[in-house]
Amino acid sequence: MIMFSKTKAFKNYVASAALAVGLGMGTGAWADNVTDAMIGAYNSSGLLQQNRALLRAADETVGITLAGLRPIITSALAISRDYGRSSDDDGRSDSDVNTFSTGSLSLSWLLFDNGVSRISTAAAQENVLATREGLVDIEQQVLFAAVQAYVSVLTEQDNVALRQNNLRLLQEELRAAVDRFEVGEVTRTDVALAQSSVAEARANLTNAQGALATARAVYVEVVGRAPGTITAYPPLPSRSAGLDAARQTALRLHPSLKSQQHAVKAADLTAYASLRDLGPDLSLSATASQTALRGSRADSGDVDVDLTLSQTLYSGGAAAATRRQNLAQLDSQKGALITTQRAIVQAVVSAYSSFEAAEASLVSSNEQVRAAQVAFDGIREEATLGSRTTLDVLEAEQSLLDAQTARLQARATQALAAYSLLQAQGLLTADNLNLAVETYDPEIYYNQVKSAPAFISKRGQDLDRVLKALNKK
């Protein structure tokens, strides 16, 4: 996988993040924590499987370009029959049927192409590295989607519990309003207000239950199975010492940026190859053939060997156009590199700011909930003494519900921002988080195919077994 800087500060950062994420939150035989969710997503992701296959396809391009300077051997077997027919003044006659068998073996070998194949191989290797970094970025996306699904289920569960409690309290207020109306303490308007609040609370509870069902369905889609018991928000991974440190880590380690850097190198090599392609080629060709006449001992053989030096002098402007096209593509990749770098910096700043804002919001929300609870309890007690109206009680209950909902959102935002910051720095990977999974090692397949082994070779047979094992998975 990706090799990271071995500085002490960075190792301490990753160790603390891995320790925080590795802590279990659930209890019981079927309890889920955020680590379980990420492991399930990593092991069952079709997106990861798809991009691993695309990486293997990119690996093969190295062998394909390398094979350009290897000999190509072909064989052919031809059987032909000759019929002769002639006519003159004496009539028409047919000649004997002759059957010829011809076998041939041909070899063609590009001995020199002015360095085009060598440069193209280097470009293919850069594309492999770019695709490999892209796979790491996909892995980050899959793991973050698992965190999102986990937090979403937990938040919607808590929201349903809030709505259920709110409905229960409002039903109690409705019963109290009815009792006070019967003894003449309140008017029918107070009863109608309580009834309206209960109806609204039921509708809100139904919506919350629907949102929870949707969140659970998303969890199944992302993780590959239904969630177990989810009872606690994920522990927050350690952050960098500051925004500047987080930004520098991202610019050094983020897989999207590293992928684009390799893409620029590949485009540069491709443009250079198009320039070298204007030079001469040297090729060798040899053909050996044997022809036999059926029913006769007569046969003939032939061997031809050619050494050809060739160079295209004019191709209608296609070579120049190809060269300019490759230079334009190089400029395009350089522009994409600038865009990627800026996007990564923006993502780091956004995640860092969101975390700090959510942290402050959570502190305020906790205080708001405490104050709203005290106010609600006081107003409710005063209402029993007749100094507060039913409307006052309902408004206090709504304020308490709003404060509790805001606290839920702040807690969810804080958790997601913490993991989003890891992703923005390129640290949200199975290796860095020490997930208990069998990580995919791209070097294994690449080392097998980079020399373009043939089907009949031992390495080619080993590759067949590797592919069969991958297909079973």
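Is Asn114 buried or exposed? Some notes on that and a few other spots.

1. Asn114 counts as buried, at 15% relative accessibility (buried is under 20% relative accessible area, exposed over 50%, partly exposed in between, with a 1.4 Å probe and protein chains only). Asn114 sits in the loop between strand E4 (98–112) and H4, and has a positive phi of about 65° although it is not a glycine. Helices (H or I, at least four residues) and strands (E, at least two) are DSSP runs, numbered from the N terminus.

2. Before going on: this is a predicted model, where local features need pLDDT of at least 70, side-chain atom pairs count only at pLDDT 80 or more, and totals for chains, interfaces and linings use all residues. Residues are numbered from 1 along each chain as its sequence is written, and side-chain values use heavy atoms, with hydrogens and water left out.

3. Asn434 also has a positive phi, near 55°. Its loop runs between H10 and helix H11 (442–449), and at 60% relative accessibility Asn434 counts as exposed.

4. Now the core. The largest nonpolar core has 59 residues, of which Met38, Tyr219 and Leu435 touch the most other members (a core is a set of buried Ala, Val, Leu, Ile, Met, Phe, Trp, Tyr and Cys residues joined through side-chain atoms within 4.5 Å). H4 gives the most to this core, with 20 residues.

5. Tyr219 is worth a look on screen. Leaving aside neighbours within four places in sequence, Tyr219 is in contact (heavy atoms within 4.5 Å) with residues including Asp32, Ala149, Tyr150, Arg225 and Pro227.
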